[in-house]
Amino acid sequence: MSTAITTAPAAGIAPRGLQGATTEPAWVRWLLIGTALAFLSFFLFVPLVAVFVEAFKKGWEVYVAAIVEPDALSAIKLTLLAAAISVPLNVVFGVAAAWCIAKFDFRGKNLLLTLIDLPFSVSPVIAGLIYALVFGLQGWFGEWLRDHDIKIIFAVPGIVLATVFITFPFVARELIPLMQAQGTEQEEAATVLGASGWQTFWRVTLPNIKWALLYGVILCNARAMGEFGAVSVVSGHIRGMTNTMPLHIEILYNEYQFAAAFAVASLLAGLALVTLVLKFIVERRVKAAYSQAQDTGAPQ
C-alpha cells in the first residue's frame, strides 16, 4: 500500500503558477514606469517649468512690476478674500456634515451624501450660471435685490458664493470615512462620564480628526484660489474689482501680455507646489490615523 506525500511550498515561496500570475517580466515593469514618467513629464513637469521660465524670461524687474501692478494686486487680494471666507465656511459645514453622517442614522442620509458630491458632478460654469439666474437682475430675486440696493452678481458676494459651492465637498469628504471608521465608542464613553456635547467634540472628536481636517482644508484652499469657471460667470470681469487671479491671467494672456500673465500664473503654480508638499506630509498622517481607526476603532 503506497502513501501519497504532498509537500507544501516553503514559506514565502509561491508556486510557479502563482508567481507567473502575480509578477511581470522586468521589461514590462520598466515599460510601465517609463510610460508613467513620460506622461508626467509631458503633462505636468514641462508645463510647470515653462510657467516659471516664461515668468522670469524678461528679468526680475518685469516680473515684480507685473505682480505689483494695481489690477494684479486687486486680483490677488480678491482671491485671498474669497478663500478666507469660503474655507472657514466649508470647514464648519464639512465638520457638521461628517459628524451627522458618521455618528447618526437617519432617513435621507444617502440623499445628503449625494448632495455633498453634487459639485463634483456639475460643471463649474453651470454652477455660476445657476447663481446668475437666481441673483442676477433678470433672476428670481433680481428685482428685490435691486430695490434694496444689494448686489451679488458681478460683485464680491457672487464670487464668494460660487467659490463656496465649488469647494464645499472637500472637507466633508475627507472627514466622513475617518469618522465612520472611528465609530462612536469614545463619544459615548465621554457622554456617560458627564461630558457635554461641546466638551465631547473639542476633547474627543476634534483631536482624532485633526489631520484629516487639515488635509481637507489644504485641498479646499487650493481649489478656492484656482477656481475659474464658476467665478468667471458671476464676476463680470471688471478690472480692479471682480477679477480673481485666474481671471486676471486670462485677460493678460488674451491681450498678449505674456510676461505679466506668466508672472501672475507663477504665483498660482507656487501655491500648487506648496499644496503638493503639504498634501504629501498630511496625507501620511491621515492614512496612519485611518489605519489605526480601522484596527482599533479608537485612535490616539
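## A first look at this predicted model

Leu 44 is found in helix 2, which covers residues 26-55; helices here are DSSP runs of H or I with at least four residues, numbered from the N terminus. This is a predicted model, where local features need pLDDT of at least 70 and side-chain atom pairs count only at pLDDT 80 or more, while totals for chains, interfaces and linings use all residues. Residues are numbered from 1 along each chain as its sequence is written, and side-chain values use heavy atoms, leaving out hydrogens and water.

Let us turn to burial. A residue is called buried under 20% relative accessible area, exposed over 50%, and partly exposed in between, using a 1.4 Å probe and protein chains only.

| Residue | Relative accessibility | Class |
|---|---|---|
| Leu 44 | 40% | partly exposed |
| Cys 100 | 26% | partly exposed |
| Ala 98 | 0% | buried |
| Cys 220 | 0% | buried |

What does Ala 98 contact, leaving aside its neighbours within four places in sequence? Its partners are Lys 103, Ala 172, Leu 175, Ile 176 and Met 179, where contact means heavy atoms within 4.5 Å. Leu 175 lies 77 residues from Ala 98 along the chain, yet their C-alpha atoms are separated by 5.9 Å.

And the cysteines? Cys 100 is partly exposed, whereas Cys 220 is buried. If a disulfide is taken as a pair of cysteine sulfur atoms within 2.5 Å, the count comes to zero.

How values were computed: Helices (H or I, at least four residues) and strands (E, at least two) are DSSP runs, numbered from the N terminus.
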